[in-house]
Amino acid sequence: MVRYRVLFLVISFFLVYVYPVNGKAVCIVDSYRIEATSYVKSLIEKELNNFAVFSNVNLDREKVESCDPMILLGTPAVVEAMKKIKKKKVIYTFVMFPEILGLHKKKNFFGIRIIPLPDKTVEVFFSYTGFKKNKIAVPVSRRTQKIAKKYLSNSKLFEILPFDDDISRLKSKLSGYKYVYIFPDPALLRVVNLLKLMKFAKENGQVVITSLPDLDKYGVNFIYAVDYNLLAEKIVSLIENTPEEKILPCPARVKLWSP
Amino acid sequence: MESIRKFLIKHIVLLFVLAVGSVIILSFVSVTNLNSLYERHLRYITTLAGKNLHYVFSIYYNDVLVSQSLKTLKEEIESAELIYLKLGPREYFYPENGRNYQGLFKLCKEVSSEEVFHTEEGILVCYPLYGEFASQFITENRKEGLFAVLYSKKTIDSIIIQWLFQNIVLFIIFALLGGFLFFDMLVRINGNFNTLNSMIAYIENLLKREKLPSDPKSAMKQFLDRFSFKEFGHAGRLIVKLISRVIKLTEELQRQAIKDFLTNLYNRNYLNQFVTKILGIVQRQKFPLSIAMLDIDDFKLVNDEFGHLKGDEVLKSWGKVILSSIRSSDIAVRYGGEEVLLIFPNTKKEAVSYIVDRIKKKFSEIDFGIGKKITFSAGVAGFPEDIPELKSLDDLIEIADRRLYIAKRSGKNRIVLED
């Protein structure tokens, strides 16, 4: 019995020191370097004792070897990791459309959505405001239409209104809706287009809903968006845990309701 | 050792060279900074104008609106020579002949942010137009167009030339003013040095003279008044003080060399100098010369009985009486311990008898507090009465000495004129 106890103590001693002997650290790659990613990165760093930060998106084999796991912030880093990391655990976020990249099929990639799914957002919207469910217009450029269809197909409330470059041409179609959902479409989110849309929506008494956290200054009415503190916590928890889902839902909260 | 004048000139020249060097370096640095500032200014103007046009044309544009906007912009930016705008596939130039510079604008094709090119045609500033998004989550970085302005080099050149010209003019003004100040400073310092040199030269000449002036201050006042710097004045006054002290000490030394300290009568040293001079004159002019050899009676007894201090007191009083009794042309020499030789140029023996007698009377009136009078005996000799030819003063001294001996032997306190 004593012999087993001694053996247990010796093994425990080695287990405690495996991490430093191993020399591997959690590596963080911020490929966007925007205010939001910097904030999340700082939250993650606070939680970790042993970490490394890569400033370069190009992931060298040597660098990757010394990391376990890798936390990737932003699509460019994820795209790079998809090419270079085959087995190592990768945690990612700040990827707008992970399914489009095929990340849900990658065994070693675990992601957290950076924006809540549109149907979740409108569900929260109706329950939060108590408004009667009604059709929601989703203006989307033709370039993004395909992606939008993929993310909006779950709910029958959404009606995609495609436009070319100038949203002004959608005015007549838009006027028939009470709610407008802003899909993360680069063409729609061009400052000029968004301003035009907001002006039109205000003039017609439409409620504008979005999942993007930083549109409050443009006069959007309802924002259900990511909570960075929860996001950081979730990322840190993924370091130790391996969930069954490959893409975890966005840890979001209602950020704004301004009728 | 280096002269102060040379030192000052050397350092002023060095200072001038340094000033010129500093101005050149400063000008070079300033021109570089001005160029970079101007470049930054062009960058800002171009960015601002490009951003503005991009916003406007994001809402709506047509060919007429674009060319009109570019025209207005060119009129507003004076130094802009050529404006280029690319929106999607369409290219616009203002003025229209700018199309000839298409090759130049190819430089802008690859730029990812605003950039400046210095070309032969001018300064080319390129500003790529990117879409601007409402959310930071949209990181798409698609170039939507290009805005570029070719600026004339003349503007910056004229600014630099004007700036340099102003600098040169200012430098010349400062150099002239500085030069005047230095010149004035040099002249004044030089003047003081010249005065000091003249003073030193004057003192050197003064020290060569046999007889030094008794009051050098008044002679050197002219120099002291010419000093304009306090320090030079101090040095001058110190020199005058030192010279005065030297003169005083020299006079004292001279006096000590020819006079007896106790009696204030001339000593044998002076007698030797005097004899050579007076004998020559007497021999040439053949005028009479008389001498008297005086000796205090029983002086040894005074010393023995009343001490040497009393003896000294007697000798001192005796000297005083003698000096107050003889004429300024007569010479009194302490010849021995209590022996005094009186020389009377151009005086006959009889006259000498009167003078010596006068001394005798005065001396006998003094009470030395020893309970008795102190007397002296005298032997008198004269030329030509006693010797037909005066070859040496010793001949007369010998006769006077002999007559003194006679006086002593005959009972002392008397004057003997004949053997």
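Visitor: How many residues does the contact take from chain B and from chain A?

Guide: Contact means heavy atoms within 4.5 Å. By that rule, 15 residues come from chain B and 24 residues from chain A. This is a predicted model, in which local features need pLDDT of at least 70, side-chain atom pairs count only at pLDDT 80 or more, and totals for chains, interfaces and linings use all residues. Residues are numbered from 1 along each chain as its sequence is written, chains are lettered from A and ligands numbered from 1 in the order in which they are written, and side-chain values use heavy atoms, with hydrogens and water left out.

Visitor: What area do chain B and chain A bury between them?

Guide: Buried area is the accessible area (1.4 Å probe) that two parts lose on being put together, summed over both. Here the two chains bury about 1600 Å², with 61% of it on carbon and sulfur atoms. On the side of chain B, the residues that lose the most area to chain A are A134(B), Q136(B) and F137(B), together 43% of what that side buries.

Visitor: Which side chains meet in a salt bridge?

Guide: A salt bridge is a side-chain nitrogen of Lys or Arg within 4 Å of a carboxyl oxygen of Asp or Glu. The count between chain B and chain A is one: R190(A) meets E144(B) at 2.9 Å, N to O.

Visitor: How much of chain A counts as buried?

Guide: A residue is buried when its relative accessible area is under 20% (1.4 Å probe, protein chains only). Of the 259 residues of chain A, 52% fall in that class.

Methods:
Buried means under 20% relative accessible area, exposed over 50%, partly exposed in between (1.4 Å probe, protein chains only).
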